[in-house]
Amino acid sequence: MNEKGEPEAQVLVSNLLAFFRGLRRMGFQVGRSEFFTALEALRVLPLEEEGPVREGLRAVVARSPFQVRLFNVAWRQYGYLLVGIRAPGLASQTLLASTARLRARWKGMPRVVWMGGGKGEAGPGEEGLLTIRGGQSPSESLKGGGWSPLTRQEREEMEAMALQPLWRRSRRRKTHPKGDEWDPSATLRRSLQKGEAWELARKGRIQRKERTVWICDVSGSMEPYSRMVLRFLHTLHRRKIPLEAFVVSTRLTRITPALKEGDADRALGEAVGAAPDWSGGTRLARGLKALRLEWGHRVLRGAGVVLVTDGLEGEDPSGLREEAARLRRWARWVVWLNPASAGPGYRPLARGPASLQKAVDGVWPAHNWEALVSAWEKMQTMVAGSL
Amino acid sequence: MEAVQGALRREGYVAEASLATAIYLTLALERPLFLEGEPGVGKTEVAKVLADALARPLIRLQCYEGIDRQSALYEWNFPKQMLHIRLAEAFAGEAVQGEGGRRRLEEDLFSREFLLRRPLLAAIDPEGPAPVLLIDEVDRSDEEFEAFLLELLSDFQVTIPEMGTVRAAEKPVVILTSNRTREVHDALKRRCLYHWIDYHSFAKELEIVMGKVPHLPPQLAARVCQFAQKLREEPLFKKPGVAETLHWAEALLALGARQLEPQLVEETLGCLLKYRDDLEMMTAKGEGSPEYRKILQEIEMLSL
């Protein structure tokens with residue numbers, strides 16, 4: 001046992017190293033500290049049983065429900081691999097690693113497809129192969145809208161914009177010379193320095209950046225404005241203003257990850273690429289519903305919602321109003337930026353816009369860059385004045 | 001692991017193997033456990049049951065937006081300190097005058113006597129055995145507090161400027177829960193073991209209901225669980241968790257129900273669905289019968 005013990009441990013460690021390398025390429029953030037935690041976990045786990053070891057390592061490595069699923073598949077595949085080939089060094093040349101490499105080539109979240117076995121029927125021990133598809137599936141690359149590079153003027157416009165975040169007074173209090181409340185703790189602390197209480201320290205509410213959730217209609221009728229709105233969003237993001245961005249045409253796409261890219265052309269190109277339905281029809285109500293059900297709990301609480309749309313709904317307009325009213329209940333506020341409302345004689349007569357107008361806190365024009373900036377300033381006033 | 005599972009079961013908690021493994025590792029490696037899952041799947045219950053099973057006290061910290069050091073960690077008892085100064089001045093006038101006297105007074109002021117220990121400090125520096133610390137709904141707190149937790153959870157020590165560093169002699173068992181209303185920062189998750197609690201399977205849910213509401217007729221319990229499982233397949237804003245199922249089962253028991261009558265179900269549906277939108281959707285009398293009746297019929301078909 002003792003003689004065998006050494007090499008066994010070595011094999012274990014190198015297997016684990018190779019497995020971690022695979023995981024890292026699949027997008028798991030596992031580093032040295034996770035590795036040592038995993039080793040510690042292995043020390044106390046019964047190594048002869050597969051279940052506890054898998055679940056234990058998963059508890060160390062995974063950090064979201066999606067990663068839990070991904071880990072299960074990776075583990076199974078790595079298991080097959082080890083049974084087939086003994087030398088762990090080969091692990092980097094395997095399917096697991098190569099699929100991960102493919103993933104790195106195509107940006108974005110890997111889409112995991114389980115092959116073999118119907119949906120739901122495959123038990124934990126069933127066959128399962130992991131393939132990762134990147135980018136769009138062929139059926140969805142409808143228009144291939146594409147993104148033409150920013151012009152010089154557009155870039156200058158974006159760089160020149162000096163915008164402040166939406167400051168909101170938080171409930172959190174902090175010692176502050178102009179605070180509105182006595183801070184006994186700070187008073188006493190200061191009195192210690194000087195031997196006596198010379199001044200009453202005060203505390204007041206701190207300011208916090210309000211998060212906004214942007215829902216941008218990118219249907220055909222909004223075509224002339226979508227590009228500008230996206231540029232605006234990217235600029236906000238570059239100014240470290242917290243936001244979540246979704247685009248909606250016939251379906252809902254979250255483009256926040258794309259905005260994280262520093263270069264505007266690349267970021268916006270990716271955002272456009274992420275939404276297969278760019279410049280399609282309008283199913284705004286459906287998009288809002290999807291947002292509420294899928295993302296509602298996560299992004300709406302404590303945030304303000306900005307709807308950018310002309311309000312021309314392809315489907316039942318009363319549905320749009322209902323959804324907007326529901327959003328209103330979840331978010332702190334909902335405003336509607338309407339590019340179509342710029343004309344002096346504009347009145348929301350179509351049923352869609354008319355009903356939407358009643359359900360939101362404010363309707364402002366957004367037909368050009370200046371209008372967007374001034375709408376943002378109005379939001380600032382609104383947020384600063386609340387609470 | 002079987003021991004953990006068994007111990008939890010004795011306390012009336014049905015844990016699947018993977019959760020038992022995660023708890024076992026938490027105990028063995030002395031690492032915090034980060035539990036995530038939809039509301040009402042029994043995250044908080046894990047900590048309570050664990051405390052009972054280990055015979056350790058449970059310290060609970062409920063997070064909210066704006067939670068700060070004073071309410072989470074410690075605070076000085078200012079009124080008492082002020083009073084102490086006054087008393088010292090009144091009764092020992094000269095003693096406070098000199099340099100030495102003042103220092104002594106300061107030491108007095110910032111001693112344990114004047115420290116109000118909030119949950120986190122109480123967990124690190126307990127009076128009895130190391131407790132089970134439950135930090136509930138971390139996702140509700142703000143980022144400042146998360147960063148503050150980081151420091152605490154990696155070293156299990158706290159520095160109180162006026163007093164010095166307090167280090168945990170024995171590390172407490174820490175359980176963090178999150179409803180995933182927002183993503184908790186990666187740095188916090190890195191210091192923890194992670195476990196995702198999913199909605200329970202029918203068999204497990206039935207076991208839980210039978211365990212917690214023992215007087216409910218078994219047949220009705222099965223129907224109740226089937227109904228809850230079916231309900232989760234609907235596009236609801238908030239799907240009912242096990243907590244809601246239990247709540248409903250208790251309500252039905254209190255009403256003396258023998259089987260799921262449509263009328264009764266409609267009246268008690270509020271136990272399962274807590275949002276008006278959801279309730280309206282399930283009970284709306286559009287064309288044909290309302291949604292919940294369809295589910296009832298499906299269940300009838302299944303049991304035939």
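1. Between chain A and chain B, 10 residue pairs are in polar contact, both residues at pLDDT 80 or more. A polar contact here is a pair of N or O atoms within 3.5 Å; within protein, one must be able to donate a hydrogen and the other to accept it, and residues adjacent in sequence count only if both atoms are side-chain atoms. On chain A, the elements that give two or more residues to the side touching chain B are α2 (32–44), α3 (50–61), α4 (65–84), α7 (184–194), β5 (202–209), α11 (284–300) and α12 (317–330). Helices (H or I, at least four residues) and strands (E, at least two) are DSSP runs, numbered from the N terminus. By class, that side of chain A has 17 nonpolar, seven polar and 14 charged residues.

2. The model is predicted: local features need pLDDT of at least 70, side-chain atom pairs count only at pLDDT 80 or more, and totals for chains, interfaces and linings use all residues. Residues are numbered from 1 along each chain as its sequence is written, chains are lettered from A and ligands numbered from 1 in the order in which they are written, and side-chain values use heavy atoms, with hydrogens and water left out.

3. The contact (heavy atoms within 4.5 Å) takes 38 residues from chain A and 41 residues from chain B. Chain A and chain B bury about 3,700 Å² between them, 57% of it on carbon and sulfur atoms; buried area is the accessible area (1.4 Å probe) that two parts lose on being put together, summed over both. In chain A, Arg63(A), Arg172(A) and Leu188(A) lose the most area to chain B, together 18% of what that side buries.

4. Four salt bridges cross the interface of chain A and chain B, a salt bridge being a side-chain nitrogen of Lys or Arg within 4 Å of a carboxyl oxygen of Asp or Glu. Arg63(A) pairs with Asp186(B) in a salt bridge, the closest N and O atoms being 3.2 Å apart. Over all chains the count is 38 salt bridges. Arg190(B) and Glu34(A) also form a salt bridge (2.9 Å, N to O). Arg190(B) lies in helix α10 (residues 186–190) of chain B and Glu34(A) in helix α2 of chain A, so this pair joins two chains.

5. Which residues lie nearest the centre of the largest cavity? They are Arg169(A), Ser170(A), Arg171(A), Arg332(A) and Glu65(B), out of 10 lining residues. Strand β3 (residues 167–175) of chain A gives the most to this lining, with five residues.

Terms used
On a 1 Å grid over the protein atoms alone, a cavity is a set of points where a 1.4 Å probe fits but cannot get out, and a pocket is an open set with protein on both sides within 12 Å along at least five of seven lines; lining residues have an atom within 4 Å of a point. Ala, Val, Leu, Ile, Met, Phe, Trp, Tyr, Cys and Pro count as nonpolar, Asp, Glu, Lys and Arg as charged, and the others, Gly among them, as polar.
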